[in-house]
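Hi everyone, thanks for making the time. Let me put the structure up, and then I'll walk you through it.

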Amino acid sequence: MNEKHLFAVTALFDTPDEIIHAAHETTSAGYTRFDINTPYPVHGMDKAMGLKQSRLGVFALVFGLLGATSSVLFMTWVTLIDYPLVIGGKPFWSWPAFVPVAFEITVLLASVLSVVTMIVLYFKFPNNSHPLHDTPYMKKVSSNKFGICIQADDPTFNQKAVEEFLAKVGGKEIGPVFFDLEDLDHGQHIFDPKFIGVLALTAILVSGGTYFTFNKLLYMEPFSWMSAQAKLKAQRPSDLFTDGIGMRRPVEGTVARGFLPYPFKGKPDEAAKNLVNPLLPTKEVIDRGKTKFLTYCSPCHGNFARGDSRLAGQFPNPPTLHSDKVRNWPDGSIYHVITEGQNVMPSYASQISRDDRWAIIQYIRVLQRAHNAKESDLK
Ligand code: HEC
């Protein structure tokens, strides 16, 4: 038989008011080693028990600061030393970009490490046994009763006196709780070699099985999903070239698909002379030109190209496209303005394909003709 030690004397109460009162009395009577167990948090209990502010907040502060500094130092190392990369023309050490990451890591470390500290330091993990576990007292206070438990290790503890005291403050079902020294180190079984061994074996089997299934089994020939390909990955070295660099510059004189260089850069006169509209003014072309004109040009030039911008003065109003000047321009000149821009009007080369630019011009011609209709057009 194991020897039983006295852990505490417990008493039960029926209402939150009674337990708050009892806590007050216990503090006033000078007991320091006692605890209150309630089925739900009771407001004002910390004050009634004379509890000081928890030190967990200090831990959270330290972990938060650790998160902030370590993340900023890490990003500094990445952006200045390990992989300096120009992003959007910003300086390498661009602190606004660090704010979200630093914030997240601060919150993450502060919260996760505080919980770990609480469990390990305050709750003494992995020891998860407590003399009150499995007692009738604990069953009641986790259901509908409010309990107080004055511990035997209190300096002024005297079983008889405590029992009388609890009866005086209105406690019911007053009784001692004993514990077995051997039971108390339950928790150490977590480090039992057999248990750890089974845990490790399970981990190895499960992760090995998962790895094999997802990385090998699913890709066995002939169902390899074409995953085995000789290819070059961005920013990876390659044995194919003598200098070992995988990413190459384009061969000189080559042109990327869809990126034909514009031969009349800065030469509007040559554009006017040499460019010819390849599209005929068919209904499809004009419809397409109308759509694109209304999308890209009308915000500034107005729906009918009269220069009546919808932007209400937020951008300089463009001139009308019904001027004699633009009406007499060859198509190449308008094409040049769309492609290169003109003074404050920006280039639309990256938004509008070449064919669409020519279609827009056909539509502008329609608008111009409609604005300057001749007698013969009406017949
Ligand atoms: C952001 C507003 C804006 C948009 C969008 C815009 N333009 Fe312009 N455009 C202007 C301004 C402003 C001018 C006058 C530029 C200058 O001072 O030379 C101009 C000038 C022009 C001219 C020359 C007119 C002349 O008399 O010199 C043409 C042609 C023209 N735009 C066509 C277009 C076409 C076609 C589109 C659609 C693809 C378009 N613009 C889209 C603002 C715009």
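Predicted model: local features only at pLDDT ≥ 70, side-chain atom pairs only at ≥ 80, totals over all residues.

Residues are numbered from 1 along each chain as its sequence is written.

The protein chain has 13 helices and 4 strands; these are DSSP runs, with helices being H or I of at least four residues and strands E of at least two, numbered from the N terminus. Its radius of gyration, taken over C-alpha atoms, is 41 Å, well over the 21 Å that the globule rule (2.2 Å times the number of residues to the power 0.38) gives for 379 residues, so the chain is more spread out than a compact globule. Along the principal axes, the C-alpha atoms fill a box of roughly 120 × 60 × 40 Å.

The domain assignment, which is automatic or from a database, gives domain 1 (1-187), domain 2 (192-219) and domain 3 (268-378). Between domains 1 and 2, the C-alpha centres are 35 Å apart.

Now, which residues come nearest to the ligand? They are Cys-297, Cys-300, Pro-318, Asn-343 and Met-345, out of 23 around it, where a residue counts if its C-beta atom, placed from the backbone, lies within 6 Å. Two or more shell residues come from each of α10 (283-301), α11 (324-328) and α12 (331-340), and α10 gives the largest share, 5 residues. The shell divides into 18 nonpolar, 4 polar and 1 charged; here Ala, Val, Leu, Ile, Met, Phe, Trp, Tyr, Cys and Pro are nonpolar, Asp, Glu, Lys and Arg are charged, and the others, Gly among them, are polar.

Helix α10 also packs on α13 (residues 354-371), at about 95° with axes 7 Å apart; axes are lines fitted to C-alpha atoms over the stretch in contact, and angles run from 0 to 180 degrees between N-to-C directions. The two helices are therefore roughly perpendicular (65 to 115 degrees). Their contact residues divide into 9 nonpolar, 2 polar and 4 charged.

Finally, the backbone. The peptide bond from Glu-221 to Pro-222 is cis, with omega near 0°, and Pro-222 sits in the loop between α8 (193-216) and α9 (268-274). Asp-134, although not a glycine, has a positive phi of about 65°.

Methods. Parallel < 35°, antiparallel > 145°, perpendicular 65-115°, else oblique.
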